[in-house]
There are 2 protein chains.
Amino acid sequence: MKKILAFDIGGTKIAYAVTDENGNFANDVVKVTTPKTSEGIYEFFKTVVKGLEDEVDGVSIATAGAVNNENTRIISHVGNLPEGYNGLDFMSLTDKPLLLENDANSAAWAEYKLGAAKGTRHAVVLTLGTGVGSGIIVDGRLLKGKSGAAGEMHVRFDSGEHRKCTCGLWDCLETYVSGNALTTDARLYMREDMTSYDVIRGLKDGNPKAREAFDHWQSCLENTLVLMGNIFDPEVIVLSGSMAQFVEYEKINKQANHDILTRPFELKQAVFENNAGMIGAALLLAERLRQEERP
Amino acid sequence: MKKILAFDIGGTKIAYAVTDENGNFANDVVKVTTPKTSEGIYEFFKTVVKGLEDEVDGVSIATAGAVNNENTRIISHVGNLPEGYNGLDFMSLTDKPLLLENDANSAAWAEYKLGAAKGTRHAVVLTLGTGVGSGIIVDGRLLKGKSGAAGEMHVRFDSGEHRKCTCGLWDCLETYVSGNALTTDARLYMREDMTSYDVIRGLKDGNPKAREAFDHWQSCLENTLVLMGNIFDPEVIVLSGSMAQFVEYEKINKQANHDILTRPFELKQAVFENNAGMIGAALLLAERLRQEERP
């Protein structure tokens with residue numbers, strides 16, 4: 001059984017653990033605060049890798065940012081990580097096989113191989129967190145595009161509301177469907193100082209303004225499901241990330257499947273939570289190691 | 001060299017010709033008016049196929065509507081063809097190999113193998129006609145999805161303008177980017193009795209209202225390019241169909257590539273015009289025949 005040292009790096013935390021090729025962790029997941037400089041991040045990776053590389057067959061890193069098709073480097077600017085991060089030479093960390101993959105793609109791969117999309121060939125996994133990410137499985141393969149950056153959910157929902165997106169454009173899907181979007185709806189439908197938490201709390205308390213805010217957010221999510229359903233005709237759309245738990249699955253599943261032109265998909269909540277990225281990138285590396293072993 | 005009897009069937013015309021496996025026609029393309037009943041269509045196919053099947057290695061049909069992954073039958077309602085059309089038993093037309101494929105997918109395959117997307121592995125072909133169709137090539141393969149219906153461009157552009165779409169929903173992309181959409185813009189920006197033709201004529205005459213109408217239409221097309229660029233990260237986006245000739249390629253290419261988060265794509269006009277569907281479906285069949293011959 002292969003062993004992989006699996007990392008997941010985000011803007012606030014780096015998590016790591018040793019996992020087997022079925023995504024079972026050999027130890028508790030360690031979490032540390034992400035260092036403030038790219039040099040600090042590199043040194044941290046180096047220290048952990050040096051300490052554990054003799055025990056493992058390879059190193060996988062799930063990361064924010066688009067990763068090239070060779071899984072060796074980051075090809076896009078990564079807003080929530082320090083300057084210089086996207087230029088780091090990850091391949092110099094170890095002589096063992098090392099695989100880098102985007103965190104949303106990695107999470108999607110975990111759901112596809114072992115989670116909510118297991119047994120399918122066509123799946124869309126949407127990560128609804130602060131922003132919106134996606135990982136798309138087309139006939140059993142991760143959609144990467146020419147450079148590795150496919151699956152960016154920055155699509156203009158030209159709604160005329162004029163919400164500024166983190167990508168620099170206006171009215172992207174992300175500004176209507178993310179956690180931040182629900183805070184925008186809280187301000188619009190409730191009060192200027194309200195956030196997404198107030199919407200969720202208000203929903204439980206039967207607050208009609210909170211219901212309006214949530215319904216607006218959820219109707220934008222339904223538009224997103226129609227978009228992905230019509231373009232990809234997937235067997236399943238999986239929702240992950242911090243906002244996934246609040247979605248009214250039965251209702252929105254029915255509505256979206258009524259509105260698509262393709263055949264019905266299943267809407268499911270992700271099986272893996274925070275560790276999906278680590279597991280998915282480790283599975284991708286384990287698969288590559290097995291392929292390289294074939295005679 | 002294999003010979004294929006290639007058909008393309010649409011709501012108004014059926015075209016057919018014998019082609020070799022490189023898409024070269026052996027004779028002039030014959031065009032007839034589409035019969036008004038599904039029985040009439042079947043009888044017409046049957047007559048032509050019976051007359052020519054001894055001369056060819058197979059029959060290909062590019063058709064409106066989504067086609068299943070086995071390329072044997074239509075799986076969706078086809079609005080612009082007579083009732084019962086989607087239930088036709090195409091496989092009973094001949095004992096020779098027969099392949100059915102959606103017309104936009106077929107046209108995309110022709111552009112990918114021999115046309116504007118030749119030499120790439122990742123391409124999006126948008127057909128801008130009365131409606132909007134798409135054929136998408138992901139790493140050298142046609143994107144079909146679980147049932148064969150992938151690539152439906154019915155995506156809600158939630159713009160608040162409330163344009164009714166032929167699919168039954170409101171404010172689909174198709175209502176902003178098609179030929180019909182430009183007629184809607186002509187009415188909005190010019191006069192109630194104006195059409196897309198008046199916009200194009202007005203543009204040449206320097207009419208500022210026509211320019212406004214066209215700019216609105218073209219900005220919606222640019223949104224569509226950003227959508228497809230961000231989701232698929234293609235090497236090339238090809239525009240085909242009757243509206244493709246009017247697009248200001250250099251301008252919109254620059255703008256869309258400025259707005260995407262992925263790596264730049266090339267925007268190109270399709271090489272094949274009306275015969276792209278026939279050629280593409282014939283190429284797909286020729287490829288299958290070659291695969292079946294392999295030892």
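1. The two copies meet through the same surface, because 100% of the interface residues of chain A are also interface residues in chain B. Here two residues are in contact if their C-beta atoms, placed from the backbone, lie within 7 Å. This is a predicted model, in which local features need pLDDT of at least 70 and side-chain atom pairs count only at pLDDT 80 or more, while totals for chains, interfaces and linings use all residues. Residues are numbered from 1 along each chain as its sequence is written, and chains are lettered from A and ligands numbered from 1 in the order in which they are written.

2. The contact between the chains takes 33 residues from chain A and 33 residues from chain B. On the side of chain A that touches chain B, the largest share, six residues, is contributed by α6(A). Helices are DSSP runs (H or I, at least four residues), and they are numbered from the N terminus. By class, this side of chain A has 14 nonpolar, eleven polar and eight charged residues. Ala, Val, Leu, Ile, Met, Phe, Trp, Tyr, Cys and Pro count as nonpolar, Asp, Glu, Lys and Arg as charged, and the others, Gly among them, as polar.

3. Chain A is divided into domain 1 (3–107 + 274–293) and domain 2 (119–269), with bounds that come from an automatic or database domain assignment. The centres of domain 1 of chain A and domain 2 of chain A, taken over C-alpha atoms, are separated by 27 Å. Their contact takes eleven residues from domain 1 of chain A and 13 residues from domain 2 of chain A. Helix α2 (residues 103–114) of chain A supplies three residues, the largest share of the side of domain 1 of chain A that touches domain 2 of chain A. That side of domain 1 of chain A comprises six nonpolar, five polar and no charged residues.

4. Within chain A, the axes of helix α4 (residues 179–189) and helix α5 (residues 196–204) come within 7 Å and cross at roughly 70°. Axes are lines fitted to C-alpha atoms, for helices over the stretch in contact, and angles run from 0 to 180 degrees between N-to-C directions. α4(A) and α5(A) are therefore roughly perpendicular to each other. Angles under 35 degrees count as roughly parallel, over 145 as roughly antiparallel, 65 to 115 as roughly perpendicular and the rest as oblique. The contact of α4(A) with α5(A) has three nonpolar, three polar and two charged residues.

5. The axes of α5(A) and helix α6 (residues 208–232) of chain A come within 8 Å and cross at roughly 120°, which makes α5(A) oblique to α6(A). Contributing to this contact are Asp198(A), Val199(A), Gly202(A) and Leu203(A) of α5(A), together with Lys209(A), Ala210(A), Arg211(A), Ala213(A) and Phe214(A) of α6(A). These residues divide into five nonpolar, one polar and three charged.

6. In chain B, helix α5 (residues 196–204) and helix α6 (residues 208–232) pack at an angle of about 120°, with their axes 8 Å apart. α5(B) and α6(B) are therefore oblique to each other. The contact of α5(B) with α6(B) has five nonpolar, one polar and three charged residues.

Note on methods:
Helices (H or I, at least four residues) and strands (E, at least two) are DSSP runs, numbered from the N terminus.
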